Amino acid sequence: MPVIPSTSTSSVQDGDLADRLAVRDVLERYTHAMDRRDEALMRSCFTPDADLSYFGGLRRFTGTEFADTFVSSLEPFGFIDHSISSLRITVDGDIAAVDVHLCATMALKDAPVVLIRWVRVTDELVREPSGWKIAKRRHVPQLQYESSTSAIDFPGIGGKDPQAADLS
């Protein structure tokens, strides 16, 4: 039985706060795994047999298939950042529903171009012994644009090539 995100203004009716925080943690792990290209962390977000529909149904995956292939799909990009907004979580026992916007900012490696894409994601999560996992996802792009990038330059400090940044 699918859980429908609540329109209630009362957080009490939307489930336990600890569960909602745990569900949000799955989304944050997903965005972090995507941005850092962390296959093991990505794998922790999905049930192995999750039903995943990406790009409005153009690509379909299981959780395992997605975790196995997402790193190679990001090969054209250098910097990637995913941000979460308009988040709504509803918990009903061991099932949760999420309705969220994700904004992906992706800089091409071989060209001074950045793509910015907004996506609406609806998820159904299940509580497993190891924690909450996404069992079903619908990923529907809403808007995309691209723009040229420029070198990072801090007045009075100088410029920095973002590709040469040392994060160690």
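Predicted model: local features only at pLDDT ≥ 70, side-chain atom pairs only at ≥ 80, totals over all residues.
Is Ser147 buried, exposed or something in between? Its relative accessibility is 35%, so Ser147 counts as partly exposed, because that class covers whatever falls between the 20% limit for buried and the 50% limit for exposed. If you look for Val114 in the structure, you will find that its C-alpha lies 5.4 Å from the C-alpha of Ser147, although 33 residues separate the two in sequence.

Trp118 belongs to strand S5, and with a relative accessible area of 30% Trp118 is partly exposed.

Let me now step back to the whole chain. The protein chain has three helices and eight strands, and if you read along the sequence they come in the order α-α-β-β-α-β-β-β-β-β-β. The chain has 168 residues, of which 36% count as buried.

What length does H1 reach from its first C-alpha to its last? With 20 residues, H1 reaches 28 Å, which is close to the 28 Å expected at 1.5 Å a residue. At its N-terminal end H1 is capped by Asp16, which places a side-chain oxygen 3.1 Å from the backbone nitrogen of Ala18. After H1 comes Arg37, and its phi is positive, near 55°, even though Arg37 is not a glycine. Arg37 is found in the loop that runs between H1 and helix H2 (39-43), and at 28% relative accessibility Arg37 counts as partly exposed.

Which residues of H1 are buried? Among them are Asp19, Arg20, Val23, Val26, Leu27, Tyr30, Thr31 and Met34.

Tyr30 leads us to the aromatic rings. How many aromatic pairs does a search of the whole structure find? The search finds nine, and one of these pairs is formed by Tyr30 and Phe46, which stand edge-to-face at 6.1 Å centre to centre, with 90° between the planes. This pair links distant parts of the chain, since Tyr30 is in helix H1 and Phe46 is in strand S1 (residues 46-54), 16 residues apart. Tyr30 has a relative accessible area of 3%, and therefore counts as buried, and Phe46, also with a value of 3%, is buried as well.

Another aromatic pair is that of Tyr54 and Phe55, which is tilted, at 6.4 Å centre to centre and 55° between the planes. What does accessibility say about these two rings' residues? Tyr54 counts as buried, because its relative accessibility is 3%, whereas Phe55, with a relative accessible area of 34%, is partly exposed. Phe55 lies in the loop between S1 and S2, and Phe55 has a positive phi of about 55° although it is not a glycine. Ring pairs link Tyr30, Phe46, Tyr54 and Phe55, together with Phe61, Phe66 and Phe70, into a cluster.

Finally, I come to the second largest pocket, whose volume is about 380 Å³. This pocket is lined by 20 residues, and the closest to its centre are Met34, Phe55, Ser73, Leu74 and Arg117. The elements that give two or more residues to the lining are helices H1 and H3 (63-73), and strands S2 (59-61), S3 (77-92), S4 (95-108) and S5 (113-128). Which element gives the largest share of the lining? The largest share comes from H3, with four residues. Sorted by class, the lining has 14 nonpolar, four polar and two charged residues.

How values were computed:
Residues numbered from 1 in each chain as written. Heavy atoms only, no water. 1 Å grid on protein atoms, 1.4 Å probe; cavity = no way out; pocket = protein on both sides within 12 Å on 5 of 7 lines; lining within 4 Å. Points joined across faces, edges and corners; volume = space filled by probe spheres on them. Nonpolar A, V, L, I, M, F, W, Y, C, P; charged D, E, K, R; others polar. Expected span 1.5 Å × (residues − 1). Buried < 20%, exposed > 50% of the residue type's maximum accessible area, 1.4 Å probe, protein only. Polar contact = N/O pair within 3.5 Å; in protein donor to acceptor, adjacent residues only side chain to side chain. Phe/Tyr/Trp six-rings, centres within 6.5 Å; stacked < 30°, edge-to-face > 60°.
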